[in-house]
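Here is a short note for a student who is reading this structure for the first time. Please keep the model open and check each point against it.

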Amino acid sequence: MIHISGIHKYFGNHHVLRGIDLEVKSGDVVCVIGPSGSGKSTLLRCVNLLENPSSGQVFFDDIEVTDPDVDIDVVRRRIGMVFQQFNLFPHLTVMENLTLPQRRVLRRDKSKAAETAAENLERVGLSNKASSYPAQLSGGQQQRVAIARALVMEPEVLLFDEPTSALDPELIGDVLAVMRMLAREGMTMMVVTHEMGFAREVADRVVFMDEGVIVEEGSPAQVVGAPRHERTRNFLDRVLNPASRRTQEPHADR
């Protein structure tokens, strides 16, 4: 469903992506992991052209997204995206946040848009928050509303850009539970995440990136459970064993 071929991305002289090749098949959940600054989010944003690659090609369902003549708005209707920050309209209720894009983009009438919104609020466990404003919700609830907002557009693929990184630890579980549900339903998902438990449990494939390249990819058992590359092992040791890492670091007064 997604085919990425030879993608390079520069920001000025900074070479962020260095020849990325990647495929995501229909129904797959692909988790992209790696240290901050490795290019994970930039890669994700190249899929729907929120970032224009400097070179290379991106295909979505045989449509070349990077073709200058492509109608990118038509492609984006088929690709949902959930960001780190929730990006809800603060002056609109939850229901209005979910119906507005349907009416503006899909030209649905008010009744159909409200029906679809209600169905998806129920899916994410927030039926009782339809009339609330974003400021009245917790961060986890806002992120679940953001997922519901993506779902009302009936996308074929969902892209998640570190959807839990802005949340307090006790709020992460509800968001991950919704993502697990979507995976069970067969939603094609590409997820940039630091949640190794989620990657182990849900992903079909895990991709480890560092310094703009894919260092290692494979099943969760391979990449997270038995990584082949030292760079992957070092990253996972820091992520999975932060307490032991801290005890090994010298104190500032030594």
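1. A residue is called buried when its relative accessible area is under 20%, and exposed when that area is over 50%. By this cut-off, five of the five residues of strand β8 are buried, so β8 is largely enclosed by the rest of the structure. Please note that the model is a predicted one.

2. The two faces of β8 can be checked one at a time. Thr-188, Met-190 and Val-192 point to one side, Met-189 and Val-191 to the other, and all of these are buried, so both faces of the strand are covered.

3. Where does β8 stand in the order of the sheet? The sheet is open and has six strands, in the order β6-β7-β8-β3-β9-β10, and its pairing is mixed. The edges are taken by β6 (79–82) and β10 (213–218); each has a single partner strand, so one side of each is left without a neighbour in the sheet. On average, neighbouring strands here are turned by 15° against each other, with direction ignored.

4. The neighbours of β8 come next. With β3, β8 pairs in the parallel sense over four bridges, and Val-32 has Val-192 of β8 as its bridge partner. With β7, the pairing of β8 is also parallel, over five bridges; here Leu-159 has Met-190 of β8 as its bridge partner. To get from β7 to β8 the chain passes through helix α6 (residues 169–184), and this β-α-β crossover is right-handed.

5. Which helix lies across several of these strands? Helix α1 (residues 40–47) lies across β3 (29–33), β6, β7 (157–161), β8 (188–192) and β9. The helix runs at about 150° to β8.

6. Strand β9 (residues 205–210) pairs with β10 in the antiparallel sense over five bridges. Asp-210 has Val-213 in β10 as its bridge partner. The loop between β9 and β10 holds Glu-211, which has a positive phi of about 55° although it is not a glycine. With a relative accessibility of 55%, Glu-211 counts as exposed.

7. Glu-154 sits in the loop between α5 (139–151) and β7. Its phi is near 55°, a positive value in a residue other than glycine. The relative accessibility of Glu-154 is 51%, so Glu-154 counts as exposed.

8. How many aromatic pairs does a search of the whole structure find? The search finds one. The ring centres of Phe-208 and Phe-235 are 5.3 Å apart and the planes stand at 40°, so the pair is tilted. The pair links distant parts of the chain, since Phe-208 belongs to strand β9 and Phe-235 to helix α9 (residues 230–240), 27 residues apart. Are the two partners buried or exposed? Phe-208 is buried, with a relative accessible area of 0%, and Phe-235 counts as buried at 4% relative accessibility.

9. Lys-9 lies over the face of Phe-11, at 4.9 Å from the ring centre.

Methods. Residues numbered from 1 in each chain as written. Predicted model: local features only at pLDDT ≥ 70, side-chain atom pairs only at ≥ 80, totals over all residues. Heavy atoms only, no water. Pairing = 2+ DSSP bridges. Axes fitted to C-alpha atoms, helices over the stretch in contact; angles between N-to-C directions. Contact = heavy atoms within 4.5 Å. Phe/Tyr/Trp six-rings, centres within 6.5 Å; stacked < 30°, edge-to-face > 60°. Buried < 20%, exposed > 50% of the residue type's maximum accessible area, 1.4 Å probe, protein only. Lys NZ or Arg CZ within 6 Å of the ring centre and 35° of its normal. Right-handed = clockwise from strand over helix to strand, strands pointing away.
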